[in-house]
Amino acid sequence: MRLKQMVKGGEVNTWACINFASDITHAAAVAFCDELAVMCVISGMNFKGDPVLPLVNAKPNHVRPFLKKHYQRFMEILRPLHKELDLLIVILPDKNGTLYGDIKRICETDLGLVSQCCLAKHVLKMKPQYLTNIALKINMKVGGRNTVLLDAVVGNLPRVSNTPTIIFGADVSHPHHGEGRSSPSIAAVVASQDWPEVTNYAGLVRPQARHEEIIQGLFNENDCGSGCISGGMIKEHLISFMRSTGHIPRRIIFYRDVVSKGRLNMVLEHELSAIKKACASLDPIYNPQVTIIMVQKQHHTRLFAGNYGVGSTIFQSGNVLPGTVVDKEICHPTDFDFYLCSHAGTKGVSRPVRYHVLWDENNFTANALQILTNHLCYTDARCTSSVSIVPPVHYAHL
């Protein structure tokens with residue numbers, strides 16, 4: 001980001017900071033906030049310089065009452081001005097246990113606040129690269145846009161630029177061993193909210209039966225309580241896409257985090273059916289073309305350059321070059337799959353990601369889908385380089 005700016009800078013007119021790290025002095029925390037505000041402005045955001053109230057030091061023992069108390073203090077100042085608190089910056093101890101999760105849960109579900117947490121060790125160092133990364137995250141959270149693909153702007157994205165397309169990412173997280181038997185699995189589905197740029201995503205999260213790999217909340221016909229019919233996560237995302245873009249998506253590309261091989265057909269059958277039903281619930285004749293791609297990162301395949309003596313064939317760390325794709329020899333003999341190493345591996349041995357196309361009504365050629373997937377890996381809002389896994393799945397996992 002040096003000497004560069006975000007594509008669209010967001011606005012932060014009202015903000016505040018709370019410091020939970022006892023080893024960070026008041027002066028150091030204030031200096032960090034000032035530097036972060038300056039970096040946000042340099043990066044292209046409209047970030048007002050002064051907080052609503054002076055920085056507050058806090059102890060991590062009573063997080064909920066403390067946050068609620070100070071939220072009320074902030075709102076006593078902002079309500080008469082008909083304003084909301086746009087951003088809460090939180091400084092955390094390096095070893096914070098459950099504090100991070102508690103703060104996120106309270107801010108997201110109780111207070112409706114956008115929050116940005118920073119660790120004490122980074123606050124002390126105040127490196128420009130760290131400040132820039134935080135600015136990227138803040139801009140995304142307040143509705144800005146960090147990057148956009150040139151190919152998307154000029155209309156060169158395969159199968160996407162020529163027809164309104166919504167791109168989904170889905171993942172299911174299961175409770176860890178040791179968590180209570182009542183802990184559910186969590187299904188997350190994100191979807192693009194812009195076209196043709198395909199950079200902004202919205203997310204939905206639903207609990208479901210413990211260790212259930214099939215996403216149950218994609219479609220349902222249950223009455224949601226006030227006389228309306230809830231159509232599930234797919235329907236919500238489709239409606240949101242239409243409201244934000246003014247277009248009806250004619251293509252659906254569904255990147256799905258991998259499930260166990262034995263349940264592959266069950267997942268395909270249930271989730272494809274749910275997508276089709278969700279579309280039909282909007283309009284009986286609405287039938288967009290669907291492509292479902294399984295995304296697998298946990299495997300034992302590694303890629304190596306065939307000629308280490310030629311510098312143009314390897315990355316500086318010795319890994320294969322970013323954008324390396326393999327779709328023959330080591331792939332499935334009959335299925336449509338490929339390995340893509342989209343990121344620049346700076347340490348260790350790069351792990352390519354296997355993309356396995358389970359269903360394709362959009363008639364993607366191998367090259368078109370590989371180019372699209374690789375291009376999308378350059379649009380992750382949290383960093384300035386390509387990532388190893390396609391961003392919709394990364395966002396769903398987060």
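A nonpolar core is a set of buried Ala, Val, Leu, Ile, Met, Phe, Trp, Tyr and Cys residues joined through side-chain atoms within 4.5 Å. Buried means under 20% relative accessible area, exposed over 50%, and partly exposed in between, with a 1.4 Å probe and protein chains only. In this predicted model, the largest nonpolar core has 64 residues, and the largest pocket has a volume of about 1,700 Å³.

The model is predicted, so to speak of local features requires pLDDT of at least 70, side-chain atom pairs count only at pLDDT 80 or more, and totals for chains, interfaces and linings use all residues. Residues are numbered from 1 along each chain as its sequence is written, and side-chain values use heavy atoms, with hydrogens and water left out.

**Nonpolar cores**

- In the largest core, F168, Y255 and Y355 touch the most other members.
- Helix 8 (residues 264-282) gives this core its largest share, eight residues; helices (H or I, at least four residues) and strands (E, at least two) are DSSP runs, numbered from the N terminus.
- Beyond its neighbours within four places in sequence, F168 is in contact (heavy atoms within 4.5 Å) with V189, V190, A191, I234, H237, L238, I252, I253, F254, Y255 and P392.
- A second, separate core has 28 residues, among them I24, L36, C40 and I138.
- In soluble globular proteins, nonpolar side chains tend to be buried together.

**Aromatic pairs and a charge over a ring**

- Rings of Phe, Tyr and Trp (its six-membered ring) pair if their centres lie within 6.5 Å; planes under 30 degrees apart count as stacked, over 60 as edge-to-face and the rest as tilted.
- By this rule there are seven aromatic pairs.
- One of them joins W15 and F47, which are tilted at 50° between the planes and 5.5 Å centre to centre.
- Because W15 lies in strand 2 (residues 15-19) and F47 in strand 3 (residues 46-47), this pair ties together parts that are 32 residues apart in sequence.
- Both W15 and F47 are buried.
- One aromatic cluster is formed by Y255, F338 and Y355.
- R159 has its charged end over the ring of F364, 5.9 Å from the ring centre; the rule asks for NZ of Lys or CZ of Arg within 6 Å of the ring centre and within 35 degrees of the ring normal.

**Largest pocket**

- A pocket is found on a 1 Å grid over the protein atoms alone, as an open set of points where a 1.4 Å probe fits, with protein on both sides within 12 Å along at least five of seven lines; lining residues have an atom within 4 Å of a point.
- Grid points are joined across faces, edges and corners, and the volume is the space filled by probe spheres set on the points.
- The lining has 47 residues, and Y100, E108, R382, Y395 and L398 lie nearest the centre of the pocket.
- At least two lining residues each come from helix 3 (99-111), strand 6 (115-119), helix 5 (128-141), strand 8 (185-192), strand 9 (201-208) and helix 10 (391-397).
- Helix 3 supplies the largest share of the lining, seven residues.
- R382 is in the loop between helix 9 and helix 10 and is partly exposed, at 30% relative accessible area.
- Neighbours within four places aside, R382 is in contact with L136, K137, M140, H394 and L398.

**Helix 9**

- Helix 9 (residues 366-376) is mostly covered, with eight of its eleven residues buried.
- Those buried residues are A368, L369, Q370, L372, T373, N374, H375 and L376.

**Backbone features in loops**

- The peptide bond from W195 to P196 is cis, with omega near 10°.
- P196 is in the loop between strand 8 and strand 9, and V198 is likewise in the loop between strand 8 and strand 9.
- V198 is a residue other than glycine with a positive phi, near 55°, and is buried at 0% relative accessibility.
- H82 also has a positive phi without being glycine, near 60°.
- H82 is in the loop between helix 2 (63-78) and strand 5 (87-92) and is exposed, with a relative accessible area of 77%.

**N57**

- N57 lies in strand 4 (residues 56-57) and is partly exposed at 44% relative accessibility.
- Not counting residues up to four places away in sequence, N57 touches N19, H26 and F66.
- The C-alpha atoms of N57 and V189 are separated by 36 Å, and the two residues are 132 apart along the chain.
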